[in-house]
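User: Please go through the sheets, the helix packing and the chain interface of this model, one question at a time.

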Amino acid sequence: MSNKTLKLWRTFKEGWQNFRRNGWLSFATVSILTLSLFIVSLSVLLGVTTSLILDTMREKVSVNVSFNPDVTEERILEIQKELSKYGKEIASVQYVSRERALEDFLAKNNPVIAQAIEEIGENPLLASLNIKAVNPEDYPLIVEQLQKSTFQNDISRINYEENKRIFERLERINEATRKSGIAIGFSFIFIAILITFNTIRITIYSHRQEFEIMRLVGASNLYVRTPFIFEGILYGLSAAIVTIFLLFGIAYYISPLTQGAIPQGNFMNLYLQNFGFILLGLILLGMGLGVVSSAIAIRRYLKV
Amino acid sequence: MADIQPIIRFENVTKTFPHNPNVLENVSVSIMPGEFVSLVGPSGAGKSTLLKLISAEEIPTEGEVYFNERPVGKINRKHLPYYRRNIGTVFQDFKLLPQRTAFENVAYALEVDGVSTEEINAQVPEILDIVGLGDKMHKFPKQLSGGEQQRVALARALIHRPKVIIADEPTGNLDPRSTDEIIHLLLEINSFGTTILLATHNKGIVDNIGRRVIALDDGHIVSDEMHGKYVVPAPKTALKL
């Protein structure tokens with residue numbers, strides 16, 4: 001082992017020994033760091049989940065154009081073809097025949113209503129085109145164009161107004177959650193840095209008499225400082241590991257609430273599918289917080 | 001005789017602190033290799049400051065301190081730790097690392113230098129044996145008596161085989177028996193050629209040693225005797241009144 005690696009290994013051992021021998025202080029620091037990491041990662045995860053839920057709901061928003069009963073299927077398919085040309089604005093146009101509409105309707109509603117319809121003996125539903133926009137913001141424009149189109153007389157009803165209200169509300173919620181998510185996330189990261197910095201400062205403060213001794217015995221500044229950087233890394237690492245377990249617990253409890261609301265199925269799946277990424281993120285964030293806090297604290301309280 | 005250089009030389013050294021002017025005033029003194037020098041004088045006479053100037057914990061306001069004829073004040077801050085390995089220091093309050101055993105305290109001085117673990121494991125017990133603590137290597141400072149703690153500190157000061165040992169009131173916190181043991185050890189170390197600077201209040205010690213005594217008072221050297229006794233400076237209180 002070269003002189004440098006030997007010293008590096010020794011400063012690591014120093015850091016590990018400080019970490020172990022100051023059991024209570026380490027415990028307190030790791031707890032606070034864990035709390036910070038937990039709050040930050042939870043707000044990020046919940047933010048991601050909310051936006052996934054909103055995306056899923058947005059997917060379900062569409063404009064439904066019903067045609068008069070006398071319009072032939074050929075004509076409707078022609079219109080569908082026409083609309084499909086606007087690939088930039090319109091994502092998909094799906095034809096729903098009268099028979100299909102009835103089937104869907106019967107499947108969705110209870111047997112009493114089904115029976116009532118059977119008694120009428122005639123299919124009261126209209127054939128329609130279900131239009132999905134590439135950009136949800138484009139729906140008003142699409143509706144406007146439909147109303148001015150050459151086939152405006154074939155249209156019985158454009159089912160958008162009620163969708164519109166839901167849609168606008170979704171947009172508002174999405175906007176609000178995104179903004180507050182960012183704000184909350186950042187304030188917690190800020191608080192986390194402050195708390196971690198302060199805790200490590202206390203650790204260093206409790207060691208301050210030793211620095212003088214170390215220097216007098218011939219330790220270089222770097223040799224005195226490096227163990228604290230390693231200590232910071234150890235705090236971060238431990239906190240990341242505790243946090244990943246805490247998040248597992250949270251995932252277990254809130255997973256049923258998100259069943260089917262997000263593309264991943266539920267929150268637990270989302271968590272497990274991204275486990276490696278989350279763990280890596282937590283370790284990096286934890287170690288980053290620990291190291292940065294240590295470095296600042298050392299600079300301020302270790303004027304050697 | 002002419003080719004022997006002083007190991008430590010003060011040249012017109014003045015040290016001033018913002019709230020404590022002229023702690024040392026125009027001090028010039030030379031110490032030769034292998035000397036055992038007792039530094040005496042009342043509290044605040046400047047003994048500790050003089051020693052700190054040697055270990056470069058303080059730098060002179062005026063004048064220059066030389067170690068082996070090299071100016072200490074010109075040493076780059078980065079190189080200070082390496083310079084300090086030439087000097088072993090012992091303090092009144094021992095300055096041991098409380099979280100480390102006797103062995104680890106001594107080993108630390110070698111670890112920082114990148115000495116191999118095998119060498120550390122060979123050298124540390126040896127030096128602890130010399131100070132008579134071979135059987136208490138793995139005790140923490142708080143498990144040792146004052147005298148034993150000071151012997152650990154002395155072992156640590158010796159581990160680099162320094163040319164100079166600086167002892168600032170090393171017996172200030174010790175009972176008479178421990179005091180005798182420490183002084184005896186210092187004399188023994190000196191007999192192997194190490195220069196010793198001992199600052200003390202203890203008249204009995206100085207008179208017993210019978211070596212060079214430098215007396216400081218109010219920032220000045222008031223006497224410097226090759227086979228000196230403890231000098232009690234004339235009280236100045238009357239003058240101040």
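The questions and answers below concern a predicted model.

User: Which strands stand at the edges of the six-stranded sheet of chain B?
Analyst: The sheet is open and mixed in its pairing, with the order β6-β7-β8-β3-β9-β10 in chain B. An edge strand pairs on one side only. In chain B those strands are β6 (87-91) and β10 (220-225).

User: What is the average twist of that sheet from one strand to the next?
Analyst: The six strands of chain B make an open sheet. From one strand to the next, its twist averages 15 degrees.

User: In β8(B), which residue is the bridge partner of B:V164?
Analyst: Strand β7 (residues 164-168) of chain B runs parallel to strand β8 (residues 195-199) of chain B, and five bridges join the two. B:V164 has its bridge partner in β8(B), namely B:T195.

User: What angle does the direction of helix α6 of chain B make with that of β8(B)?
Analyst: Two helices of chain B can be described against this sheet. Helix α1 (residues 47-54) of chain B packs on the sheet and touches β3 (36-40), β6, β7, β8 and β9 (212-217) of chain B, its direction making about 150 degrees with that of β7(B). Helix α6 (residues 176-191) of chain B also packs on the sheet, touching β3, β7 and β8 of chain B. With the direction of β8(B), the direction of α6(B) makes an angle of about 155 degrees.

User: How do α3(B) and α5(B) lie relative to each other, roughly parallel or roughly antiparallel?
Analyst: Helix α3 (residues 102-111) of chain B packs against helix α5 (residues 146-158) of chain B with the axes 8 Å apart and an angle of about 25 degrees. Angles under 35 degrees count as roughly parallel. Therefore α3(B) and α5(B) are roughly parallel.

User: How many residues of the contact of α3(B) with α5(B) are nonpolar?
Analyst: The crossing of these helices is right-handed. From α3(B) the contact takes B:A102, B:N105, B:V106 and B:A109, and from α5(B) it takes B:V152, B:A155 and B:R156. One residue of the contact is polar and one is charged, while the nonpolar ones number five.

User: Why is one side of β2 and of β4 of chain A left without a neighbour in the sheet?
Analyst: The four strands of this open sheet follow the order β2-β3-β1-β4 in chain A, with antiparallel pairing. β2 (90-96) and β4 (155-159) of chain A stand at its edges, so the reason is that each has a single partner strand.

User: In β3(A), which residue is the bridge partner of A:Q94?
Analyst: β2(A) pairs with strand β3 (residues 128-133) of chain A in the antiparallel sense, over six bridges. The partner of A:Q94 in β3(A) is A:N130.

User: How do α1(A) and α2(A) lie, roughly parallel or roughly perpendicular?
Analyst: The axes of helix α1 (residues 3-21) and helix α2 (residues 23-60) of chain A come within 5 Å and cross at roughly 95 degrees. Angles of 65 to 115 degrees count as roughly perpendicular. So α1(A) and α2(A) are roughly perpendicular.

User: Which three residues supply 28% of the area that chain A buries against chain B?
Analyst: The contact involves 22 residues of chain A and 27 residues of chain B. About 2,100 Å² is buried between the chains, with 49% given by carbon and sulfur atoms. On the side of chain A, the three that supply 28%, more than any other three residues, are A:R10, A:L216 and A:V217.

Technical notes. Residues are numbered from 1 along each chain as its sequence is written. Chains are lettered from A and ligands numbered from 1 in the order in which they are written. This is a predicted model: local features need pLDDT of at least 70, side-chain atom pairs count only at pLDDT 80 or more; totals for chains, interfaces and linings use all residues. Side-chain values use heavy atoms; hydrogens and water are left out. Two strands pair if DSSP finds at least two bridges between them. Axes are lines fitted to C-alpha atoms, for helices over the stretch in contact, and angles run from 0 to 180 degrees between N-to-C directions. Contact means heavy atoms within 4.5 Å. Angles under 35 degrees count as roughly parallel, over 145 as roughly antiparallel, 65 to 115 as roughly perpendicular and the rest as oblique. A crossing is left-handed if the near helix is turned anticlockwise from the far one by less than a right angle, and right-handed if clockwise. Ala, Val, Leu, Ile, Met, Phe, Trp, Tyr, Cys and Pro count as nonpolar, Asp, Glu, Lys and Arg as charged, and the others, Gly among them, as polar. Buried area is the accessible area (1.4 Å probe) that two parts lose on being put together, summed over both.
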